[in-house]
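Student: Please take a close look at a single part of this structure. Then set that part in its surroundings.

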Amino acid sequence: MKAWLTALIALLCSGLALALGAAMLALPEFAVRLPGQVAANLDASGVAHPVTAVLLNFRGYDTLLEVAVLLLALLGVFALSRHASDHAHPAAPAHPVLQTLARLLAPLMVLVAGYLLWIGAYAPGGAFQAGAVLAAAGVLLRLAGLLPAWAQPGRLLRGGLALGLLVFLAVAVAGLPQGELLHYPPALASPLILLVEAGLTLSIGLTLAGLYLASAGWRQ
Amino acid sequence: MTDFLDPLPWLIMLPLAWGTLAFVLGPGRGGRLAVAAIALQGALALQLAGQLIDSGARVYAVGGWGAPLGIDLMADGLAAVMLLLTQAVALPLAVYARGYFAASPKGRELFWPFTGFLLAALNALFLSADLFNIYVTLELLGLAAVGLVAIAGGRQPVTAAMRYLFATLLGSGAWLLGVALIYGTYGSVSLAVLTPLIHAGAPLAVTLAAALMLAGLLLKTALFPFHFWLPPAHGGAPAPVSALLSALVIKATFYLALRLWLELFAPLTTVAAAQLLGVLGAAAILWGSVLALTQSRLKMLVAYSTVAQVGYLFLLFPLATLVPPGTADSALAGGVMQAVAHGLAKAAMFAATGSMIVATGRDDISRLGGVGARLPLTLFSFGLAGVTLMGLPPSGGFSAKWLLLGSALESGQWWWVVVMIVGGLLTAAYVFKVLRRAFLPRAAGDRVARVPRTLEFSAFALALASILLGLFGAPLLELLAVGREA
């Protein structure tokens, strides 16, 4: 039973892989050239880096929903961790060298996150990268035994987790009287994007760290 | 349109906002906010439907850029019908959920944030006209639904949630692979840009993409034989969650399959593929109904009934593919009517089921004795919902099956008529299995407690709506026709 099922799945997967390969070899010329359109509209986007322009302006609506997906993933962890909390244990005290190193690195990582956030306007960087660095600082502090695991996040923490999405939503609807959803007036596009990204950096950092901190007590 | 109170963007922003606020407010909070906001969403959906009937389908360029650079939203009659269904099901269920979690608090901590995100995902999905944006809405929808299945905790629900998570991620993955192939072929993900580009001689990549995306959607819609994840997930969750999932979530992926089939990939559809979908639908009707009959747990019976009712939705594909336009229109009307009728009726049925379980303290069909005497309104709601599922007049289910039967006869596909009639009889069998038990006197040692009035009346409102749909369904069909003249 199991063997023939595995063989069937393997056969189907190889068939799909072959078909994908054949399809790749026969791809036609693009009918639409988006990179050119992005470059042509970059000046009106409020930022100088095409990736940030696409993420926060041209396709900012996708990013808005993705931020909600991220928060939702953490809510899913909370839903599970409430039932796993019986097994939670405090972190074992870490080696003093690791603790000293973590104390040294954490402020630097916050600084790097701020730099990545700022530079996102004209070079690779932005809220997601900055948030990831913040989250890494949180995980490091937890591993060093300097941060407790999250049992029940308090209101301040919940507010911090939601802040990025709430700021993004407010900016999205603030433009409605003048135009469409998420329409930034060209003069204000730059500061509005920075505002959204600053809120997102904090919330993404907390959310990603939370994915680890909320489940950190599960294992034993 | 530059109106601050334009209903279209608010239908997406409002549930996102109240879902997030409910999370900030804290565990179990936000129910009153949710009821008020969903009522407002209902008004917005009605306003949007009015706009469409007056002035035709709408395209909305988010950010003012316009496709293909930006993301377009699109509202036509089909989208508006689904939006109306979503808010119409969600409002009574939100009222129901407040009463339900007051009586049975397990899982109430995160119910409102998850529900807010779920409704935002549904509204965004129905309005999206961009393949990648639809992927994002699918992720939002899938994660919210999985979270809702897991909120009650316990080994069985969490196992069901994990299985659901893997199924839904595999479905989204197939969709994303399809989107990548389409983008690699044409350089755009906008439906408006792509639709004129796709024709019968499209490259292999496009055919492959169509097959992958459709397969992913079938998995997410739990069409036989992909239904394995549905009964434990829908049958194990708290009753308001089961109702939301069965009534709305699987309809969203059905809606996408329908849109792709009728619009984007219409030049690639074949009679053989349509017949295959119809055969899977017929198998779902028969297999789901038979399994529903054999269940001993009430919620599992209702969950298997969903497997069966999903089958009816897919009978629309053979009836609407390469047949005369009149026949196809009536098949589409029948299929969409079935989606709406089943949405209302199944929400009513799960709500009534939840009340019976709260009242008897157990989920067991053989211990329902005394429910008829103690909870007559709840049992009446269950019966009315059953009437719709069976397709008896004057319910919405009757209109749906009548339209489907008509187009089956017109196009000479009599075999679907046989399936529908047998399915109706099997449905009657499992509905009466529950009703018969509930009318028996209470067994010695069993208890049947009273339940809050809000539980009884919200289930009744949903059941009544599923019946009235049959009597007053004409405006809905008029709305459905908006934007489909071409």
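Tutor: Ala34(B) sits in helix α2 (residues 31-55) of chain B; helices are DSSP runs of H or I with at least four residues, strands are runs of E with at least two, and both are numbered from the N terminus. Residues are numbered from 1 along each chain as its sequence is written, while chains are lettered from A and ligands numbered from 1 in the order in which they are written. This is a predicted model, in which local features need pLDDT of at least 70, side-chain atom pairs count only at pLDDT 80 or more, and totals for chains, interfaces and linings use all residues.

Ala34(B) is buried, because 27 other C-beta atoms lie within 10 Å. A residue is buried if 20 or more other C-beta atoms lie within 10 Å of its own, exposed if 12 or fewer, and partly exposed in between, with C-beta atoms placed from the backbone. Leaving out residues up to four places away in sequence, Ala34(B) touches Trp18(B), Ala22(B), Ala94(B), Trp112(B), Thr115(B) and Gly116(B); two residues are in contact if their C-beta atoms, placed from the backbone, lie within 7 Å. Gly116(B) is 82 residues from Ala34(B) in sequence, yet their C-alpha atoms are 7.6 Å apart.

The rest of chain B gives the setting. Its secondary structure comes to 20 helices and two strands. The radius of gyration of chain B is 21 Å, close to the 23 Å that the globule rule gives for 486 residues, so chain B is as compact as a globular protein of that length. This radius is taken over C-alpha atoms, and the rule is 2.2 Å times the number of residues to the power 0.38. Of the 486 residues, 65% count as buried. Among contacts between residues at least 6 apart in sequence, 80% join residues at least 24 apart.

The two strands of chain B belong together. Five bridges join β1 (residues 58-62) to β2(B), and the strands run antiparallel; two strands pair if DSSP finds at least two bridges between them. One of the bridges has Arg58(B) with Ala75(B) of β2(B) as its partner. Five of the five residues of β2 (residues 71-75) of chain B are buried, so this strand is largely enclosed by the rest of the structure. Ile71(B), Leu73(B) and Ala75(B) cover one side, and Asp72(B) and Met74(B) the other.

Some backbone details stand apart. Most residues other than glycine have a negative phi, and most peptide bonds are trans. Ala222(B), however, has a positive phi near 65°. Ala222(B) lies in the loop between α8 and α9 of chain B and is buried, with 30 C-beta neighbours inside 10 Å. Pro225(B) is in the loop between α8 (204-221) and α9 (230-236) of chain B, and a cis peptide bond joins Phe224(B) to Pro225(B), with omega about 0°. Another cis bond joins Pro393(B) and Pro394(B), with omega about 5°. Leu322(B) also has a positive phi, of about 50°, but Leu322(B) is exposed, with 11 other C-beta atoms within 10 Å.

As for confidence, the mean pLDDT of chain B is 94, and 99% of its residues reach 70 or more; pLDDT is the predictor's confidence in each residue, from 0 to 100. The predictor gives the complex an ipTM of 0.94 and a pTM of 0.96.
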